[in-house]
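This briefing goes with the sequence and structure shown below.

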Amino acid sequence: MEHIANAQPTDRLAPDAAGIAHAAALLQAGGLVAFPTETVYGLGADARNDAAVARIYAAKGRPSVNPLIVHLATPAQAAAFAHVTPLADGLMGAFWPGPLTLVLPLRDGHGLSDRVTAGHGTVGLRVPDTPLARSVLETFGGPVAAPSANPSGRISPTTAEHVLQGLAGRIDAVLDGGPCAVGLESTIVDLSGETPHLLRTGAVSANDITAATGGSMTGDGRGEEDTAPSAPGQMTSHYAPRAALRLNATRARPGEMLLGFGASAGAAENLSPSGDLREAGANLFAALHRLDAQGAQTIAVSPIPDQGIGRALNDRLRRAAAPRR
Ligand code: TXA
Ligand code: MG
């Protein structure tokens with residue numbers, strides 16, 4: 001099978017045996033396939049194929065200095081690519097498959113494209129928790145590099161429709177598995193130093209991690225970034241809708257649209273009328289996409305409790321509200 005970038009429209013594949021086989025064949029041929037995970041849709045390519053990985057950066061407009069997460073079908077595959085310390089092994093046992101990415105020292109003979117690691121001596125690994133993603137990974141049989149399937153700097157996609165809105169014509173296919181259950185990107189913990197370091201918050205909270213390791217962790221989860229110039233992780237605007245955001249708003253001012261949480265009167269969208277943080281996490285990016293589509297100039301956002309997955313929601317909202325360049 002010959003792969004020709006951008007020569008034809010993006011296929012929408014059904015979440016069945018034929019769709020899974022087609023997705024795996026495209027990956028084998030060096031193609032780009034978006035697929036659903038429990039967090040957000042990822043834009044996958046064979047992590048060992050330099051040209052395929054280069055196409056990910058081109059399709060997203062992503063700076064080449066920003067490394068990619070490698071997705072695996074099973075935890076047992078991790079040892080082929082990275083040094084799995086006892087601490088890493090414990091966290092894999094506790095949270096994989098699931099929304100946790102572990103940054104580990106690369107192992108000699110890892111075989112990954114240097115573009116995946118962006119020249120760093122580490123690799124981010126994750127085993128996603130949806131049967132569809134794991135079927136594709138199993139059928140393909142190798143490591144799949146996959147950033148979120150959005151143009152760099154935009155909101156991550158939680159439906160196949162979002163993927164097509166951002167990347168149609170730039171990728172080969174999207175496997176349509178419906179909306180993502182978690183809806184926020186994975187928690188990222190760097191285990192390459194002496195003490196675990198939290199780079200990004202997600203559905204697995206800092207407390208969940210320290211409870212599992214029984215030790216301490218540095219970092220506040222604000223170290224991650226999509227367009228980082230220096231280290232993987234230090235910049236301002238990210239996850240940005242077109243509209244401006246005003247956070248911790250009790251009501252919409254004239255000309256604003258209210259993104260509510262709990263009992264918010266007059267909300268254009270409500271992340272969770274019952275005040276359920278998990279439901280709010282699953283709805284956040286889709287709600288921002290819809291308010292953008294309605295032409296919102298400024299989105300006023302109700303206060304969200306800063307606990308558990310609420311910390312990840314507030315993190316994404318702060319990034320979306322940060323100064324744009
Ligand atoms: O939930 C997720 O993690 C989704 C799904 C598709 O798995 N993926 C995702 O990828 O959010 P991306 O590329 O949008 O965000 C990954 C973040 C980037 O900020 C990148 O800098 C960081 O992970 N990262 C990847 N490899 C790293 C490494 N070796 N060291 C430090 N940071 C790393
Ligand atoms: Mg991203």
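This is a predicted model: local features need pLDDT of at least 70, side-chain atom pairs count only at pLDDT 80 or more; totals for chains, interfaces and linings use all residues.

What joins the side chains of D306 and N314? A polar contact of 3.0 Å joins them.

- D306 sits in the loop between β14 (298–301) and α9 (309–321).
- With a relative accessible area of 42%, D306 is partly exposed, because that class covers values between the 20% limit for buried and the 50% limit for exposed.
- Apart from residues up to four places away in sequence, D306 touches R311 and N314.

**Ligand 1**

- Ligand 1 is surrounded by 25 residues, and the closest are T39, N66, H71, S186 and E224.
- An oxygen atom of ligand 1 is 2.4 Å from an N or O atom in the side chain of N66.
- For the side chain of S186, the corresponding distance from an N or O atom to an oxygen atom of ligand 1 is 2.6 Å.
- For the side chain of S148, an N or O atom is 2.9 Å from an oxygen atom of ligand 1.
- On its own, ligand 1 has 680 Å² of accessible area, and the protein covers 97% of this.
- By class, the shell around ligand 1 has 11 nonpolar, 8 polar and 6 charged residues.
- At least two residues of the shell come from each of β4 (69–71), β6 (122–126) and β10 (197–200).
- β6 gives the most to the shell, with 4 residues.

**T101, a polar residue in strand β5**

- T101 belongs to strand β5, which spans residues 100–105.
- T101 counts as buried because its relative accessible area is 1%, and buried means under 20%.
- The side chains of T101 and S186 are joined by a polar contact of 2.8 Å.
- The side chain of S186 also has an N or O atom 2.6 Å from an oxygen atom of ligand 1.
- Beyond its neighbours within four places in sequence, T101 is in contact with I69, G124, L125, R126, S186, T187, I188 and V189.

**Nonpolar cores**

- In soluble globular proteins, nonpolar side chains tend to be buried together.
- The largest nonpolar core here has 46 residues, and those with the most contacts inside it are L43, L100, L102 and L125.
- Two or more residues of this core come from each of β3 (41–46), α2 (50–60), α3 (86–95), β5, β6 and α6 (160–167).
- α2 provides the largest share of this core, 5 residues.
- L102 touches A88, L91, M92, W96, V123, G124, L125, V189 and L191, with residues up to four places away in sequence left out.
- A second, separate core has 26 residues, including A243, F261, L284 and L317.

**Backbone features in loops**

- The peptide bond from W96 to P97 is cis, with omega near -5°.
- P97 lies in the loop between α3 and β5.
- A118 is not a glycine, yet has a positive phi of about 50°.
- A118 is in the loop between α4 (114–117) and β6, and is partly exposed with a relative accessible area of 23%.
- N248, also not a glycine, has a positive phi of about 55°.
- N248 is in the loop between β11 (244–246) and β12 (256–260).
- N248 counts as exposed because its relative accessible area is 56%, and exposed means over 50%.

**P131 in helix α5**

- P131 is found in helix α5, residues 131–140.
- P131 is exposed, with a relative accessible area of 66%.
- P131 and G177 are 46 residues apart in sequence, and their C-alpha atoms are 10.0 Å apart in space.

Conventions
Residues are numbered from 1 along each chain as its sequence is written. Chains are lettered from A and ligands numbered from 1 in the order in which they are written. Side-chain values use heavy atoms; hydrogens and water are left out. A residue is near a molecule or strand if one of its heavy atoms lies within 4 Å of it. A polar contact is a pair of N or O atoms within 3.5 Å; within protein, one must be able to donate a hydrogen and the other to accept it, and residues adjacent in sequence count only if both atoms are side-chain atoms. Accessible areas come from the Shrake-Rupley method with a 1.4 Å probe; for residues, only the protein chains shown count as cover. Ala, Val, Leu, Ile, Met, Phe, Trp, Tyr, Cys and Pro count as nonpolar, Asp, Glu, Lys and Arg as charged, and the others, Gly among them, as polar. Buried means under 20% relative accessible area, exposed over 50%, partly exposed in between (1.4 Å probe, protein chains only). Contact means heavy atoms within 4.5 Å. A nonpolar core is a set of buried Ala, Val, Leu, Ile, Met, Phe, Trp, Tyr and Cys residues joined through side-chain atoms within 4.5 Å.
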